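This report looks at the fold of one chain and then at the contacts it makes with a partner chain.

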Amino acid sequence: MSDLKVSQLADLLQRRRPGYSLDAAFYLSDAVFQSDLKHIFGQHWIFVAVEPQIPEPGDFITVDVGKQSILITRDDDDQLQAFHNVCRHRGSRLCASHKGMVGNIVCPYHQWTYDLKGSLIHVEHMGEGFKKEDHGLKKVHVRSLEGLIFICLAETPPADFEDMAQQMTPYLAPHRLKDCKVAAQVEIVEKGNWKLVMENNRECYHCVGNHPELTLSLYEYGFGYQPSPANAEGMARFRDILAKSHARWEAMGLPSAEIEVLDSRVTGFRTQRLPLDRAGQSQTMNAEVASKKLLGRITDPAVGGLSFWTQPNSWHHFMSDHVVSFSVLPIAPGETLVRTTWCVHKDAVEGVDYDVANLTKVWNATNDQDRRLVEESQVGVASGAYEPGPYSPYTEELVEKFCNWYVGRMRALNPV
Amino acid sequence: MSDLKVSQLADLLQRRRPGYSLDAAFYLSDAVFQSDLKHIFGQHWIFVAVEPQIPEPGDFITVDVGKQSILITRDDDDQLQAFHNVCRHRGSRLCASHKGMVGNIVCPYHQWTYDLKGSLIHVEHMGEGFKKEDHGLKKVHVRSLEGLIFICLAETPPADFEDMAQQMTPYLAPHRLKDCKVAAQVEIVEKGNWKLVMENNRECYHCVGNHPELTLSLYEYGFGYQPSPANAEGMARFRDILAKSHARWEAMGLPSAEIEVLDSRVTGFRTQRLPLDRAGQSQTMNAEVASKKLLGRITDPAVGGLSFWTQPNSWHHFMSDHVVSFSVLPIAPGETLVRTTWCVHKDAVEGVDYDVANLTKVWNATNDQDRRLVEESQVGVASGAYEPGPYSPYTEELVEKFCNWYVGRMRALNPV
Amino acid sequence: MSDLKVSQLADLLQRRRPGYSLDAAFYLSDAVFQSDLKHIFGQHWIFVAVEPQIPEPGDFITVDVGKQSILITRDDDDQLQAFHNVCRHRGSRLCASHKGMVGNIVCPYHQWTYDLKGSLIHVEHMGEGFKKEDHGLKKVHVRSLEGLIFICLAETPPADFEDMAQQMTPYLAPHRLKDCKVAAQVEIVEKGNWKLVMENNRECYHCVGNHPELTLSLYEYGFGYQPSPANAEGMARFRDILAKSHARWEAMGLPSAEIEVLDSRVTGFRTQRLPLDRAGQSQTMNAEVASKKLLGRITDPAVGGLSFWTQPNSWHHFMSDHVVSFSVLPIAPGETLVRTTWCVHKDAVEGVDYDVANLTKVWNATNDQDRRLVEESQVGVASGAYEPGPYSPYTEELVEKFCNWYVGRMRALNPV
């Protein structure tokens, strides 16, 4: 398809039909993609990493958001810092590797040297008039929400992060992610638009037909269902389990009730603690814990899964024994990185307390299944024959909310 | 080169110089390529498959025309059906594989289920107000001409297909392609524009210098020659063989005379039954039949080769023992799929009646030689130094007619 | 980034800040790249090969400048000829291989045959009215400067080549490159804009930190240094060595003084004969000659390195025993070919007088190091966070002159 003009994007946004999937251009157009990078990924808080990736001063990681490489590090005062990974001399990338440890940040080209707070502390040959203080690294906003690292590339980030943090801290704190270590991290590149990846995450209508491993521990009624005489008994039973589980967990000091503000605020999110099937402990092949060292102040392995979904680009499942986090980062209109990180207690010993293959099996399989679904969707919407179709009012409400949030934010930031 | 505006395409079409190859932009420009997909491949009958690929109800194939995936199947009433291979829910591709057999067409994403006539017969969770009858698959026009399957993506296809069918049926019917089976199918991707692939097919000026295998059975005088004292005797001898062969074949009930309407109608085509050299039976390395079971009602192996060329994208050679068909499908301005299919009698037994390597040797070699020629042409015309050069009035008349047809159709569909 | 309009390029050129690196668009934009091909590589003398690559009549090479393939050959009168490598019939590339030997130039498609002066001497089937004399190959200007082959794609090339030739001949002639043979040639593709490749070549600020092999023989003071008490003695010593070496070499008849007209003329260049460290003979790992047969009329191995830099795309080091030449050719906005050619005396015997691994070790290592630096710069400037940074007034003067020349030439050829 030929590409869009900005005015056409405004038209597309205006004529979006509620309850229906988006127009093809939202998944295919390079102009929309550039606008997504600028307005969605450039103006909102995006989830990029977990603190256990950089536990010590000098530890760093780099994260690519579109063409922008961001360097995230922990300084000597134990504070998180984020910078554009670009030398202020002639623009060389500073750190080419995805993770490492440094004393200072030294550009490989001409050895311009910055400290971990981004100040330029050493250069040669630049003459007497050169002012080091004018050539520090460009900073990026960075915040940790109980160990989940969010960055914002905008000059002035959305102010409602603080409120999300206040609401979410009681849910997340008991799992104490900051006291975890990374047990595994996997990156996959899906040949589909980032919004198809997110939409896929926001419904489980596709789970029964596609995710045999995941549905071992997930209750099928937990993600929406059209009521019918045939399923009335099953749904009632699930509602009962949910109510009893929530009562039990709340009594342990584990907040469990749903908060759902996905499309009603700038920093949209949703959370809920959901019971798990079978052993009821963890998203594994037998639903038992994958790591014997329970997290934080949790002592009962059967506390279900606390899920946390954020707009525009993440979801997380906090269980008694491990946390699994997903960060979605756009690469091209039809290419998206999904980075999955599994964390266990920092004192858990591999081979003794946990086995990486067992820990990662469900989500590695599920990610691969979702990758295929996303890729088939990308191929299909690229056909001239695609037209937006209706969402299920029972099972695709959160997809609709993702699209509402996206369209609403784009309209707000793209005045016609 | 920078890309074209639509107005520039109209200019290019207007100033095309008859008798000369096309301007470089026709082979390079993405705007022209999109226009080719829309106007040439989107508005004409295009050859995509043979019936022996889907002999039984439930058999299906998928064919990509540009970004559009088309699903072609045989329904339970033995009728051919063609659909856009796109679910009416959220647009997932329905069938990812190129061929297979199904009872119904089930979308892998959320199991929306369509029957073989394209009706949506089963969905879950869509609520009471949802109307299945509004969400059937989008149909594509499909026609078989004696086993050759053509589709048309336009809402209203060119009406003159019927007339072509009436003229061609007497030529094709004796070979009874519908009673054949596919012995081999090969896809190659040529790094050249689809029009260079077609132009290459429309002349044999290049055959002597490039196709040692093909010219074992082809008479060099059969495809145009500048008369000269040196070749007067050879040409006279060929005319004599041609006249005698035609008389003999017509007496057998095999129409052989040329029909040539390549640039004088919307559904342009050409046919002619031409004698073969040496054993005179088939396009093989020794010009003898490759399959012992002769086709249809043919009993004499030496009936030459009935060639059938269609605009915009196919050619076929029907011989006594096998049919070889070529479908040309554009992928990108500089990338084209050529799918070659060899069919033999459905009762012929591999290893007994025919050997696949022997059957396919001439055209596999020839295709590869043509691929190289097309690719060198693509590289050459991409040079700023290329300018359209003159066609031979003796050996490149059919190339000229291909270009005439193409330019004429584009002018007709692209009013300035 | 979205791409530029021509008017924006003019703006970018106008607002270029002297003393600072270029705006990101100069390295990223496809519109700028096309303009670079048209105005810089299409209107200037560019270095593409050395005469020892085509020593005999009929020898040819092909060189790609953007999408244009150029055929360079030596005709039967021992004259260099350059043509667009495109058949005048239907535009096929004539010679697909990068080098070879031919009697005539025969198009592989329909055997149109041209002699080594580009005249069409044989065609078939083109009819009586066809004029061969109207269909000769399109010529490209070609000049040899003491064995260094430059071409110019413009109709009227810059006239100041002659003056450069007159100034440079006394420097180059003693090494007699025409009496050399090619000992090795290596092509690498760097994932960076061609200007980043050139800028990298125009400074040695990065050498100490990145080129351990090259700096064995290069004096670090030879390429600019900020004076300081700590290095005053070292710089004084280097100035002394330079003065004494120049006196000694001039006495031998080897001109050594700097000529620096990089940004003050259309065909900008610079030359200087610089002493080498350690054994002082050649750019090898021990600074001794790599080939025992000294070049031309040179009898003393310790004559340093005569460097010759040209705008827009080459540099060369002429030593007593070998010549190493670098040709930079743009492929895409972020992709550049660097072709390195090592020549030794034509009578030198491999394995006896020289060893290829030893001859090429320093520059193969250095090229690879530079490739990495260029690629990291390309990644960095592609980040939205890059802004032009200051050049060192001591070590990056020649980078500034390269940019001055580039911006000046673009302004001159792109009237707003």
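## Burial and basis of the model

A residue is called buried when its relative accessible area is under 20%, exposed when it is over 50%, and partly exposed in between, with a 1.4 Å probe and protein chains only. By that criterion, 60% of the 416 residues of chain A count as buried.

This is a predicted model, in which local features need pLDDT of at least 70 and side-chain atom pairs count only at pLDDT 80 or more, while totals for chains, interfaces and linings use all residues. Residues are numbered from 1 along each chain as its sequence is written, chains are lettered from A in the order in which they are written, and side-chain values use heavy atoms, with hydrogens and water left out.

## Overall form of chain A

The C-alpha trace of chain A spans about 85 × 55 × 35 Å along its principal axes. Of the contacts in chain A (heavy atoms within 4.5 Å) with a separation of 6 or more, 67% are between residues 24 or more positions apart.

## The interface with chain C

On the side of chain A, 25 residues are in contact with 35 residues of chain C. Together the two chains bury about 2500 Å², 51% of it on carbon and sulfur atoms, where buried area is the accessible area (1.4 Å probe) lost on putting two parts together, summed over both. In chain A, the residues that lose the most area to chain C are A:Arg90, A:Tyr109 and A:His125, together 32% of what that side buries.

Between chain A and chain C there are five salt bridges, each being a side-chain nitrogen of Lys or Arg within 4 Å of a carboxyl oxygen of Asp or Glu. One of them joins A:Arg88 to C:Glu387, with the closest N and O atoms 3.6 Å apart.
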